Every structure is written in structure tokens, then in C-alpha cells.
Amino acid sequence: MGFGLYIHWPYCRRICPYCDFNIYRARALDETAWRQAFLAGLDHALRLVGPRPLRSISFGGGTPSLMPPSLVAAIIERAALRFGLEDDAEIALEANPGSADAARFADLRAAGVNRLSLGIQSFDDGALSALGRDHDAAAARAALTQAQAIFPRVSFDLIYGLPGQSRADWRRALDVALACQSGHLSLYQLTIEPGTAFARAAARGRLALPDEQRRADLYDVAQERCAGAGLDAYEVSNHAAPGHESRHNLIYWRSGDWIGLGPGAHSRLTLDRRRLALTEHRRPEIWLDAVARARSGEVECETLSPAQHASEILLSGLRLGEGIALKRAEDALGAPLGAFLDQARLATLVAAGLVQGDAERLRVTATGRRVLDAVLAELLA
Amino acid sequence: MTPRARIRNFAIIAHIDHGKSTLADRLIEACGGLEAREMREQILDSMDIERERGITIKAQTVRLTYRARDGEVYQLNLMDTPGHVDFSYEVSRSLAACEGAILVVDASQGVEAQTLANVYQAIEANLEIIIVLNKIDLPAAEPDRVRRQIEDVIGLDASEALLTSAKSGQGVPDVLEALVHKLPPPLGDPEAPLTALLVDSWYDAYLGVVILVRVRDGVLRKGMRVRMMAAGTAHQVETVGVFTPKPIPIEALGPGEVGFLTAAIKEVAETRVGDTITDDRRPTAEPMPGFKPSVPVVFCGLFPAEASEFGHLRESLAKLRLNDASFVYQPETSVALGLGFRCGFLGLLHLEIIQERLEREFGLELIATAPSVIYRCHLTSGEVVELHNPVDMPDPTRTAFIEEPWIKATIMVPDEHLGAVLKLCEERRGIQRDLTYVGNRALLVYRLPLNEVVFDFYDRLKSVSRGYASFDYQLDGYVEEDLVKLSILVNGEPVDALATIVHRARAEARGRALCERLKDLIPRQLFQVAIQAAIGGRIVARETVRALRKDVLAKCYGGDVTRKRKLLEKQKAGKKRMRQVGEVHIPQEAFIAALKVESK
């Protein structure tokens, strides 16, 4: 299933009004301190896990394309040295068109990054300004062209379900995206998260989002268009040509093991048959300080009960088109996954055509996936 | 024992907020009943609910020692009575223990419907009435207008009405003098066999049941064996005492005196308000008149919000009943709400009080089904069954006819809100009996089905009159009506807790309103939900909650897994509070809101 490393870079040039990630406005920072902290974190993780080759490294954030490429290079180098890399390991980094230039892309590529994920969000200037982005459509296209010239694999994100967006609008946007994609797209329906600028605007009635019917329709449009272009909906919001799936994200969805380093990052590790959930300090300065003093930014380490682990396997695995491999789940849990489910409800959901199962896999149907959260609540409650 | 000529027994009658409790406090203070440091607001209302809602639930007495201007020392017994229609029987017993009453009327607000009912009871009990116009210091006070109103509406001579401000103490000495000089002393024969009225009783954790008594004849002494004539039980008197308002033990209570006794009694159910207490060895031949066993009038189901709290609810009800024998309960099983109790109350306020005490004093969360009255169902076999639970309604083919209880309601309302109040009464099948004017206030008398009143009538009356209407009622016989059972079905399954008995003419409208309401209250689910209202087998309304179409987290990566798992755990906990009907989860909030119904 593979073993992954996630590096969280918590800074952005500006804070997008819909984003509730653990992020902070970028400012002058001490590159040496960050380098030492990440490298120390890697050394600490090695002591915990032992050498185990990495299938993927993923830089996320925030805006990791703002990281000094030399820092990215140092982390990749240390990770490879300590853990080793699988052949053909994926080294992915998220970038914003607003902080993209050819030289920086080239430096990141030289550092070892082989997959770039661009936060384009929209090809429409009006939508981009509504989303509070610091780039326009032209910059987005330029960044995409450059990235595709430099990186072997490139994906980009779009946000849909904007106020007033019609099915026709979204179809046109998808046509543009499909014409310039290179094997992978992430299509996110706009969600209003508590504590964001959008949440405040919505509370004041200044943000009229599409109703549920429209949102369902827009989701269906995305499924149809991507399927038509040969991009498989391998996850709720992710579409890829065969072989172009994000290997790093598959580790999350298949409930594999990964280490998360950086402020607020989460890890999942299976050690001595125990499933551990580790969390790092959220605030960057506290995290840096903790790593400097204790060699680790860890703030919490929870041992998940089999039932909690089963919940995670379900809530992650059912997002995938492939569903959950039952044998693997049973190995991880020490008991069949079915033991953690409400069998009567499962039968009802199967009869209703929302869930499918056979001896090997449990998955949701296309209809079931669209209402996955409600399906999960049924199965687990 | 005080000679009868120096005893005065009196009650205070007032509408809520007209200053009854404050005046009582001032009287106690003026007679030195409590040190200043012991004084706190509204001494007599001892339960939190009483103090907060400004109502008195249990009768209480205070013996005051008053040195009058004539130099004599008098024993004044203040009887604080419950002031609500639900407790009108208890009020009548308290009044029966007095020779006089102070009628307190707010000098700016004037007479209210509730005052009327109680003052009429006092007049019927032949009490001497001292009129007190209170809050005379307020700028809005209009003593002359209110005096005229009292004369017009009640027919009492108000020319000698006393003017007071219980808040500042102004006029309080005159009230004390009036009590001494206007009220007659009690009658009674100290040599006759003991005859005492059981005024009220309550449970005290240390003393057991405390019984409030008024002695008519004979002497009640510590150590004697007394017999409760209606209950047919006998007890050894452990203590005899009076409240000052602190309980003070004394040797004996003589004719005309008011006080308490304890006799190691465990439950108030053994002590019936209005019973006659006599000497077990030398009983009186004649019990005091007017005893009535208390009968519940309004019923509802009470269910714990969490099924696991059923045992706690049962214990809490038992504890409450220790102190309040007037409500009854028996186990009930509802398909939708699980295990609970069918409970009977003296009236709507009584229901609210019990529910509130269960929630507040015992920390329970409850779901109450719609209140119901007692219907008389005449079967074709000639048998008559009383029913108060829609679930028990016999098959229509076996039913000859059904009768429902009606009330006579007295409503006082300022002229400008009269139209709205008339409309409300008509909507509730009311029949107007009288409409008279007192100044700019209308005095309305309506006959109404009790069934229509227990359904939020009082709230609606307050809202259509902006709080100005006052309301009182008495039961007024049974009437044959075309009554039907209105059922609510969710995906074809009847939800027993939502069934009601209603008049046929109103059934469709109520069914439609309930379906519309439920449509908004039942959250969208994976499957479509049909909500139907039915009379017998006939569907009269239908609403559909469409199935969910889109409900999935857009982003779920490494850091989101924990959050989503915790959300699911929370939903799982929340689901325990959902009620399941077939495949449909109904949040208990939906039941609570649906059962409140009809807020238009």
C-alpha cells in the first residue's frame, strides 16, 4: 500500500476567503530554523518507524511553492537518505499560479519534484476575483503551460458551485479544463467552512450559494464530462487517466501509513499492530520551538480503537471508485470490516442501490457516492 | 391557645404581579415575624418555580403577632393560597379556613379574570373582604377608576378601599388595623370533639409529611391519635406547630387556630386536601363539608429524551408524587417514543409545573405528547369508556357517540384586542354567552371545548392580545361532538405519539398543518419520506420530504480524516436521540416542535 511523507508549509501570500486550512500570511522567515526543524522531524520519525522506503513525498499547505527550493531539496534529500525512496516514487508539490515562474519551477524540478498540482481554481477572471485569488486566468494558463513543460506529471484544481453558476457555465469551464489537462484533475465543490470570510459573508446573506439540487446537478455534470474525456472518477473529487492517480493521496484513502511533518500535520502509523494517530502543534512558532527543544513537533498521540480505525477505513475508502479491499481491512483491523457495520442498514443500502459489495470489495455506487456522508452515517451509527 | 376573640384568619387574593407576595412580606415584617437579615423577597413562595413564575403552588400559612392600636395583642393567620385555576379546589379549601380575605388589586391595571374567579369563591365562602389598591405610588395609578371597576364588575363596595404601596410599605399599618377591626373572629367550641380541616400538605425530608390544618372545634394536641375521615387512616401526632414563618413547635392548637402537624406519614397521597381530621378516640359525628377527591383533567405522555433515562424518570415521578398527590401516572409504551408514562394533571399549568420540575430538579430531558382531555366514549354495546389517550380510541364501528368536556371561560380584555380574542374563541368552536363592558375593558364569557383550550389556547390568547387578556375557566359539563382520531403516518407507518382526537370539522386543517410542519422538521434523508394525515383509513393530507441528492465532503485528505471521524462519532451520539419510524429518523426536536403545533 506504500508509505508516504507529508510536509506542511503553513504560509500563503494571502488568505483565500473559503480556506480553513492551518495557514498564515507569509512573512520574512528564518530558512535555517525551518530546515533544521524539518530535518530533525525526519530524524525523529525514523527513530519511531525505522527505515521503510517512501512511495511518496507530498508538499502541501499553505503554498509550498513559496518554500525556498533549496529547503525543498534538503528535505527530499534527507528523506531519501533516512528512509529510502521506492523506484518511481512520487514527489508532489502544490503550487499557486500567483507564485509561479519558470525559474522557480525549474529549481523545484531540480530538487526532485516530479508532480505539480496547480491551484488554478477557475479559468474565469470574475470567478477568480470572487474567490479572492491573487492571479487571473491568463496567469493561470501561463503557469499551467510552464508546469507542463517542466514536470513529468501535472494536475490542477478547480472550484465549482460558485454563486450563480449554471450547469452551462460549468460545462464550458470543464471543456476548457479538459482541453488543457494532462491526466489529472481535482474538482472541488465550494464548501463554506466555519470561521472563514465566506462563512461570515454567508451569515450576513451576502453569499448565495446554489441549492442542493443545483449542487447535485453540477456534480453530475463534472462526472459526465470527465468520464467522456477518459478521466476516471477514482475519488469523490479527483479524476485521472489510468495510471495518473495521485499515489500519495491514495495512501490516505486506502488507510495506509504516512508521516505528516509541519505545523498541524497529522500522521497515521501502524506500529506493533496498534493504529496510531499523531498530531503536530498547530501554531508555526510553537511547532518550530517544540522541534528545536524536543526534536519533535508532536502534540498528541492517540491509539485508535478497532472501531475508530474501521470508521477511518470506511470514511476514506468509500470515497474511492475501487472501494475498500476487505482482506486488507480485515488484516488491519484483526476482524472482518462487517463486524463494525450495522448489517441491517447495510442490507437496506445495498437494496436501495447505494452500496455494492462482493467477497473482495465494498464500495458505494455512483449514486451512493454523491450522498456518501449520509451513507456513512447510516453504516456507522 | 389564644382566645378566639383575638384570632383573625385571612387569605390574600390577587392577580399575578399585583403584589400579593410583597404585601405578605410587609405584613410579616411589620409584625416582627423575621429579623431583617432573614428577610428575602417573597418569603412564602419557597419553590424556585414559585418565585420565578410569581405563582403559589402550595398553600402556606404564617402566624403573626400583632399589637393593635387599641393595645390588644392579636394572632393573625395569613393563608397564602395557590392563585391559579388549576388549583381552584385547593383555593376553596384555603378560603374555607379563613373568615376574611384581602383583595389586592393593582391600582393601575385593575381587575383581571383570575382575580374574579378567586374573589367570587371568597364571596361564596362568606368571607369578609378588605379591598386594597396596591402600587398606589406608581404614576399610572388610577385608584378612582379601579375603585369604580371593582364596584361594577365584582359588585363590592369599594368606598373604603385601602391605598397601599407594598413596595415602600405605605398603607401597610392600615391593612393590619382593618384585619383586626373588620374581620370577625372565628367561631368554635373548645369542648367539642376535634374537628379540623386539612388545608394542604407537603413532604419534608426530615419531618415526613407536614399537614396544614385549621381547627374548627376541639383541641389538637401533640401525642393524640387523629383520624383522617375521608382517607380512613389514623396517626399518632408527633408535633404540633405554627409557622412564623419559621416552624415553631407548640403544645396545642385550639378552635380557630391555624398551624401544622406531623405524624410520621410517608406520602402526601395519604393526606387529602379538604379531609376532616378528628380525634380517633372521640370522633366528631360530622365531617367538614366540601371534601372532593382531586381528579386529573388533562393528560399527556411524558417520555425521556434518552431511552436509558426511563428508570430515572420513574424514580423522579415517584419522588414528585410524594409531595403532590394530585397528579397520577402509569407506564405507557409508544412505538415512536419508547417507554414513558401517561400522566394526569389538574390542568395545563399543573402539567407545565410538573414537567418543569422534572427537568429542573431531576435533570431530565422530556418529550411531552399533545395534552388530551378525558373523552366519554359511548359504545354501541351501551358501555361507556373514558379515554384520554388517542391510541385507546375504540373502533368507529363499535362507537355510538363520543362526548367531550366543555368549560365556561371568563376572559377580560382591553377593547382594542377584543376582535382578535373573539376570532380566536370562534376558531376554537367557542359559543359566546356574555359580553359586557367595564370602562374600556370587555368581560367575555364563552363556552369552549376543553380540548381546544389545552392546545395552546392560553399562549394564543396572550399573543393576540399582546399580553393584556386575562383568562379563567371552570369545567362545564360534557357535550356530544363529532370527534375523530387524526393519525399521522410516516412512510405508511402510524406514529402513535402524534395521533390526536379532534373535531371532524377541524381534522383536515390540523392534519394539513401537522404534515406541513413535519415536512420542515424532518431532515432530508437517503430515502424519500412520505408524511400523511389520516382520519380512519382516509388520507386527508400528504407532504413529501425528498431524498437527499448531494451530501459528500469535497475534500478529505490526511488531515481531514480525524475531523470527519469525530463528526461521525458525534452524529452517532446524536442518533441515539433520534426516533426511528420504519427507515426514517425523526429528530426529537421534530416531535417537540410538532407537538406544540399551530403557531400561525
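Two residues are in contact when they have heavy atoms within 4.5 Å. Keep that cut-off in mind for the exercises below, which use a predicted model.

**Exercise 1. Get an overview of chain A.**
Task: find how many helices and strands chain A has, and what share of its contacts joins residues at least 24 apart.

Solution: 
- Start with the secondary structure: chain A holds 15 helices and 17 strands.
- Next, take the contacts in chain A between residues at least 6 apart in sequence; 69% of these join residues at least 24 apart.
- Finish with burial and surface. Chain A has 381 residues, and 57% count as buried.

**Exercise 2. Look down helix 3 of chain A.**
Task: work out which residues of helix 3 are buried and where they point.

Solution: 
- List the buried residues of helix 3 (residues 102-111): A:F105, A:L108 and A:A111.
- View them down the helix axis: they fall within an arc of 120°, so they line one face of helix 3 of chain A.
- Now find their partners. These buried residues pack against helix 2 (69-82), strand 5 (85-95), strand 6 (115-121) and helix 5 (137-150) of chain A.
- Step past the end of the helix to A:G112, which has a positive phi, near 125°.

Key: Residues are numbered from 1 along each chain as its sequence is written. Chains are lettered from A and ligands numbered from 1 in the order in which they are written. This is a predicted model: local features need pLDDT of at least 70, side-chain atom pairs count only at pLDDT 80 or more; totals for chains, interfaces and linings use all residues. Side-chain values use heavy atoms; hydrogens and water are left out. Buried means under 20% relative accessible area, exposed over 50%, partly exposed in between (1.4 Å probe, protein chains only). Helices (H or I, at least four residues) and strands (E, at least two) are DSSP runs, numbered from the N terminus. The arc is that of the directions from the helix axis to the C-beta atoms.
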